[in-house]
Amino acid sequence: MVLHLKIIAVVAVVACFSFTAEAVMQWAPAPAKHGHGGHDRHAAKKFELIDGEGASVQLINPQLKAIEIPVEQGVVKVKSTGMDNYHAIVATRERNGVNESAIRYIYQFGKPSGESPSVIMGLEKSKLEIEPSPYAREHWRYYGNTDAVFVLRFDGKPLANSTVFLKTENGTTEKFLTDMDGKITVPLPDDFSNVKPGRMGNRASEFVLSANYSDGEISHVTTFSSAYHANPEHWQSTGLGVAVMAGGMFLGGLVSWRTRRRKEK
Amino acid sequence: MPIWKNLSVIRKVVQLLAFLFLVYGSVFVGFYSADKLSGAFPALACAYDAKTADYCVLIPLQHQFGHRVGTALAAGAFAFSTILPVLTTLLTFFILFVVLNKAFCGWLCPLGFFQEVLGMIGQKLRLNRTESLDPNLVERIRPVKWLMLAFLVVLFPLASGLGFVGHELGDPFCKICPSRILTSLAAGQLNQLYIDTSSTGYMILSIIADTLFGLVLVLSLTVRQPFCRICPMLAMHAMFRKVGLVKLVKNYTSRCDKCGLCAKACPMDIKEIHTSQEKDILFPDCTLCGRCVEFCPDKGVMALKYVTIPIKVSDPQYFKARNKAQKAWEGKNRGSSKRVKA
């Protein structure tokens, strides 16, 4: 009887993945109440734990020290730890024989941690986990129409031939199969509508990767979420850039030729 | 002359290694370690290059003037903490500078190396090179680097933070910097060679950037170090040059008046190293490449020193061998032994 219930739970989770990612526990930025929230880099950041009822949440700093943070009405407030670099917010829950986790990485400003972000990315934060490989660091972001690489791990080891689902806030859904090294290359979709010229005019969107795996009697579900942005190629033309550079080269040739003519005279 | 004794060859090897480290550094130190290095070793690599291990000091300076100092002044909330990041950036730059002095430009800068390599290609292609620019033109060009530093690195970002000019001018030097395009292209990215159509300001800046890059590409074939002459890093180095540990010294003799080979060898056309009777000849435009010392034919007249330790001292034997090696490189074995070509 218990086994039947667990099978039903696993089937329900798989069904959820197939049609909607909203039903899976995942992180998203909490909606801002007023404007864009200012420029204070040390101000607390708020994140919403979607479908995360009953989950416990930890904030892990770059030196891997974990602290419990409370969830209030589905929202967590992440205050500055005084430490620089990437932190992880990890929500975990066990429900109906299914272990669930939701992971998101956030950048915090403060004193140098002295640790490479690879330490926190590589840390086993849940049995089943999607590790960005690498995460879009500092000046880099996830952009539509670019590839992002991830590794699906179980028990800290790469999980081959498993399905990872992608769902974006803009409505794209896709699925990918991990290779022998547990790796997937996700072509982030260029699915932004009404792209305005310029980086400032376009709001970031969210994507969620999710995976599930059954380890005998226990099922595991995990999500990784992050922001992604409209690709600047919408308002930046490389073709025109090459043409203008060629113009500069022509100008350089003209200057050199005139200098030579003057010398010859 | 054995190549390991040729200072120019040694310098090229150092430049090549620095180029590989600064442009592809994350391949060596790891993707994330590159960020840590950027905070500790400000040099002329670029944040726009996805593989870089290091950031140019001008990037944080522009952002700190724009986003911190400018916005704090606009809000009337200026305090010591506002200027602290700028001071920290300058301090890290200063530490590196004290150790290397202006040798950074002549020995480490990726863009400087790239221009020198193009110059070597120009020599091999037997292009009609302008070995020395007209002294009047050199005089006219010299203030540009100070204007670049003042306006593009400090004043425009500050004015942007204060809200007097648009966001486009928040980091205007990066927007027009040829090193941004060069290092990103070297890392296999085409995404920095673009025309930005999002606003008139961005479009003008991107047109200037791409034109300047094209100009540098072609001019470097026939003119020595064209961009170095207007680079704001040269101006920043010039401000602190008296405190650096690497020194360029001259023991003036009356023979210097008749010679002038040092000035001809100088890729920055600093004629003052020939005419000066001062001991310290580290002029604002100097990149400490050491060519003047190499091509000085008199014993002990010119020297490159680390504090008081001589690194390279002028020597007639070395001069003869070096001149011969230069001619062999250029494939020109005819003419006077005292002719100097770059």
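Chain A holds an open sheet of eight strands with mixed pairing, and its order is β4-β3-β6-β7-β15-β14-β11-β12. Strands here, like helices, are DSSP runs numbered from the N terminus, with at least two residues (E) for a strand and at least four (H or I) for a helix. Two strands pair if DSSP finds at least two bridges between them. At the edges of the sheet stand β4 (66-68) and β12 (173-177) of chain A; each has a single partner strand, so one side of each is left without a neighbour in the sheet. From one strand to the next, the twist averages 20°, where axes are lines fitted to C-alpha atoms (for helices, over the stretch in contact) and angles between N-to-C directions run from 0 to 180 degrees.

This is a predicted model, in which local features need pLDDT of at least 70 and side-chain atom pairs count only at pLDDT 80 or more, while totals for chains, interfaces and linings use all residues. Residues are numbered from 1 along each chain as its sequence is written, with chains lettered from A and ligands numbered from 1 in the order in which they are written.

Back in the sheet, β11 (residues 163-168) of chain A runs antiparallel to β14 (residues 205-215) of chain A, and five bridges join the two. One of the residues to look up here is A:Leu166, whose bridge partner in β14(A) is A:Leu209. Five bridges also join β11(A) to β12(A), again antiparallel. There, A:Val164 has A:Phe176 of β12(A) as its bridge partner. The two strands β11(A) and β12(A) make a hairpin with four residues between them, and A:Gly171 in the turn has a positive phi of about 105°.

Another stretch of chain A worth a look is the loop between β8 (128-132) and β9 (147-154), where A:Pro134 is found. A cis peptide bond joins A:Ser133 to A:Pro134, with omega about 0°. The loop between β8 and β9 of chain A also holds A:Asn145. Phi of A:Asn145 is near 65°, which is positive in a residue other than glycine. A:Asn145 is partly exposed, as 14 other C-beta atoms lie within 10 Å. The cut-offs are 20 or more other C-beta atoms within 10 Å for buried, 12 or fewer for exposed, and anything in between for partly exposed, with C-beta atoms placed from the backbone.

Now for the meeting of the chains: the contact takes in 31 residues from chain A and 30 residues from chain B, two residues being in contact if their C-beta atoms, placed from the backbone, lie within 7 Å. On the side of chain A that touches chain B, α2 (117-122), β16 (236-237) and α3 (238-264) each supply at least two residues. The most comes from α3(A), with 17 residues. Two bridges join β16(A) to β1 (residues 195-196) of chain B, and these strands run antiparallel. In this pairing, A:Gln236 stands opposite B:Asp196 of β1(B).

Chain B also has helix α10 (residues 200-222), and 17 of the 23 residues of α10(B) are buried. Next comes the loop between α10 and α11 (232-240) of chain B, the place of B:Gln225. B:Gln225 has a positive phi near 45°, in a residue other than glycine. B:Gln225 is buried, with 26 other C-beta atoms within 10 Å.
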